[in-house]
Amino acid sequence: MKAFAFSRGKPAAFAAVFVACLAVHSEQQTSMPTPGSDDPISPVREAYAKILSVLPRSGKIGYLGSADNRRYFHAQYCLAPLVVVRGDRFDFVIVEDKFASRLSDFELIAKTGHGTSVYRRKAQ
Amino acid sequence: VSILWEFLLPAALGIALVGLYAPMMLAQSLAADYALRLFLGTPAGIGIASVIHLLLLQVNGARAGMLVLIELLMLLTVVLVTVFRKRCAVTKLSDSILCANHWPILNCILAIGFVITCCHSVMVFHATSLAAPHGEWDAWAVWNMRARFLYSEHWRDAWSVTWAHIDYPLLLPSWIAHGWTRLGNETTALPAATAGVFTFASIGLLIVAVGIFRSVSNGLLAGLFLLGCTRFTYTGTIQYADVPFAFFFLASLVTLSMQDRFGEMQPSLLALAGLFAGMAAWTKNEGQATMLAIVVALLVVCWRQAGTQRSFAVISWFLAGATPFIALIIALRVALGGGGNWLQAQSSMTVPERLLDFSRYQLIIEAFQTKNFTGFYGGIASLIMLLYGFIVGVRVERQKLFPWVGIVALALVIGMVFVVYLITPFDLEWHLTTSISRIVCQWLPSILFVYFLLLDTPEELQRAQSAFAPK
């Protein structure tokens, strides 16, 4: 058993170096991304930053838009700590432009410039 | 620079805390001992800082000055207690596991390869962080969003966003909010830097731990392989919590394995292992299952090796270390009033029906196979790593508690995940596609640690060859 072990020292070292080379090679296959190339959030965040002044500082606001949750989730992330809830039962509602016609008793108060606008319930 | 400054005080607190739990030398060389404390301590400090921030929110609202003051006071207290404790009793290492450096050329080659790979990995990490500064989906939709709530005065509203997995634990969000509070703004650089700390601390800890227990060459090889598994570093880069969780899981196993290096039971080391397991549970819900797996593994292995009394003593100390985080998790659960969306989700199939559907077993096994042997996890290097193991052979005779605890814990964790996939109420294919590569990342450093602990080393084989060579 020991005699077998003696003959394994150098192959083991070669194997170690070979694995290392493969690991290095595998790691260096990774492409270097360019800044902002995979960032859907920053433009949305900039757009929502423009309308923060017309929104309340806390509490809940509504969101009216398509069933695709992505834009709704973006709005929630960008507007936190405001809680954005689907529906138009609140005084302030973020509306995707295509859905603006569904609102009644609301007035437009700001546009994000990113396909959404802010509406406020008209005073009774 | 201000971001690095933000890490300094929590890192000092974490390193001091590791010193309090482990005042004895943990390695034969001072350099390895300091490196181990650095890699264990910095993320531990992040965990402690997250708790301090959350508790201050509960009391009076977290303020930057108050955070610094409390952390400084804690640091001072921990250092004073450690100095006093060191004077009382210093336990000596009872073994000599560390192999001498018999093969400097091999180590040099591996070290050069590691430095090249690590530099490239850091560059890719930096570039990816700039490409997606808010991280990928889970990062911004769960962790960073919750951090934005915790940073504000209206932090309790975080739990009103019911779709954002409100049952998830708070180590990362609370830490990021802690950092933003101290910095005074919501910079995206902090979550990115945190991701970097956890990713590279995992690699560093793996190298140092395998280096201490086996040899420098095996340590470097393990580190290189983890770097080569680009999915691991990528998951870290996109700010997912799976890499911090992987770190704490590894840290718990490493600290447990240190137990073997001393002749008698070291309660403080067991408590430190429990503390890291607690932090894993405070990072992701999977951590709670992992902690349970480690407890069961400790119970089984200790009971077989040392009897019932000893196994209960070991588990008591381990759980004592984890207690602060267990208490936090229970408090969060009680405040939320029940389980998360996974438990509440419904499916058209009942649990027994899902368990008896053998096509689900096939799907899960195929998903594991595909993900484990693609380039993301080292590709062909995985197979050659197995071949390397075959060449150097297995050596377990010097290990007592470990690596058995690690093997049993990993087997239990993998088994639990398998069962979770089997009974998931969500569409299985969707669930597998969206989670399995992240889940494997959680285990990868620990699997490599246990694997390399089982292997012999080229240095030992060469030394044996020299010793028995004809003169």
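Is B:Cys302 buried or exposed?

Guide: In this predicted model, B:Cys302 is buried, with a relative accessible area of 4%. B:Cys118 is buried as well, at a relative accessible area of 18%, and its sulfur has its closest cysteine sulfur in B:Cys119, at 6.3 Å, which is too far for a bond because a disulfide requires the two sulfur atoms to lie within 2.5 Å. A search of the whole structure accordingly returns 0 disulfides over all chains.

Turning to charged pairs, the count over all chains comes to 11 salt bridges. Among them is the contact between B:Arg438 and B:Asp242, whose side chains meet at 3.3 Å, N to O. This pair links distant parts of the chain, since B:Arg438 belongs to helix α19 (residues 428–454) of chain B and B:Asp242 to helix α10 (residues 242–258) of chain B, 196 residues apart. B:Arg438 is buried, with a relative accessible area of 12%, and B:Asp242 is buried, with a value of 1%. Through salt bridges that share partners, B:Asp242 and B:Arg438 are joined with B:Lys284 and B:Glu286 into one network.

Another salt bridge connects B:Asp167 with B:Arg333, where the closest N and O atoms are 3.9 Å apart. Because B:Asp167 sits in the loop between α5 (137–151) and α6 of chain B while B:Arg333 sits in helix α13 (residues 308–336) of chain B, the pair ties together parts that are 166 residues apart in sequence. Here B:Asp167 counts as buried at 9% relative accessibility, whereas B:Arg333 counts as partly exposed at 24%.

Definitions and conventions
Residues numbered from 1 in each chain as written. Chains lettered and ligands numbered in written order. Predicted model: local features only at pLDDT ≥ 70, side-chain atom pairs only at ≥ 80, totals over all residues. Heavy atoms only, no water. Buried < 20%, exposed > 50% of the residue type's maximum accessible area, 1.4 Å probe, protein only. Salt bridge = Lys/Arg side-chain N within 4 Å of Asp/Glu carboxyl O. Helix = DSSP H or I, 4+ residues; strand = E, 2+ residues; numbered from the N terminus.
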